[in-house]
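Please open the model in a viewer and keep the sequence at hand.

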Amino acid sequence: MKQIIIQSILTILSEKELSIQEKDLMHQAFEARSKAYAPYSKFTVGVALLLDNGVVVQGSNQENAAYPSGLCAERVAIYYAGANYPSAKMVQMFITASPQDRNLQEPIPPCGSCRQAIAEYEMKQDIPIEILFMGAEGPIYKSDSLKNILPLVFDKNHL
Ligand code: THU
């Protein structure tokens, strides 16, 4: 029997260790989270997505009484960027997530569907998208590429 070992390296940062640009993105992600529409789960997610033209796109989760019609913050942000800045490249995404009634300290990664959606744009632009994620406060996990958090990704090369 043969096995493969899949390894990913993520960096754990504190707020103090963020660059000025990353700190700015973090604050924009906090702002985005404050605009989440999450009356059903009461779990709020905010994203700040930096593009290579300097624009920062904010996204937050948008829920719906018909639950599956809602959308995660990450996809709100990347689809907005894809729709409005189709030739810009996505450089860095900062995610913050927490229930409304308490400040989660644990880094919250993007869900599987969002990872797949982000992977599509990383593939399209052919440069990695850095992903940073946290709770409401506490440690920040940084991945240099979406690939680190979605190994064995399914992409257009498999079609
Ligand atoms: N959510 C996100 O916005 N991003 C994720 O990656 C995971 C989950 C949202 C969807 C829903 O509004 C709430 O969090 C609870 O699942």
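**Aromatic pairs**

In this predicted model, rings whose centres lie within 6.5 Å are taken as pairs, and the count comes to 3 aromatic pairs. Select Phe 133 and Tyr 141: the ring centres are 5.7 Å apart and the planes stand at 65 degrees, so this pair is edge-to-face. Phe 133 is buried, with a relative accessible area of 4%, whereas Tyr 141 is partly exposed at 29% relative accessibility.

Next, select Ser 60, which lies in strand β3 (residues 56–60). Is Ser 60 buried or exposed? With a relative accessibility of 7%, Ser 60 is buried. Leaving aside residues up to four places away in sequence, Ser 60 touches Ala 32, Lys 35, Ala 36, Val 45, Leu 71, Ala 73 and Val 76.

**Cysteines**

Finally, turn to the cysteines. How many disulfides does the structure hold? The number is 0. Select Cys 72, which is in no disulfide; its nearest cysteine sulfur belongs to Cys 114 and is 3.7 Å away. The cut-off for a disulfide is sulfur atoms within 2.5 Å. Cys 72 is partly exposed, at 25% relative accessibility. Cys 111 is partly exposed, at 31% relative accessibility.

Definitions and conventions
Residues numbered from 1 in each chain as written. Predicted model: local features only at pLDDT ≥ 70, side-chain atom pairs only at ≥ 80, totals over all residues. Heavy atoms only, no water. Phe/Tyr/Trp six-rings, centres within 6.5 Å; stacked < 30°, edge-to-face > 60°. Buried < 20%, exposed > 50% of the residue type's maximum accessible area, 1.4 Å probe, protein only. Helix = DSSP H or I, 4+ residues; strand = E, 2+ residues; numbered from the N terminus. Contact = heavy atoms within 4.5 Å.
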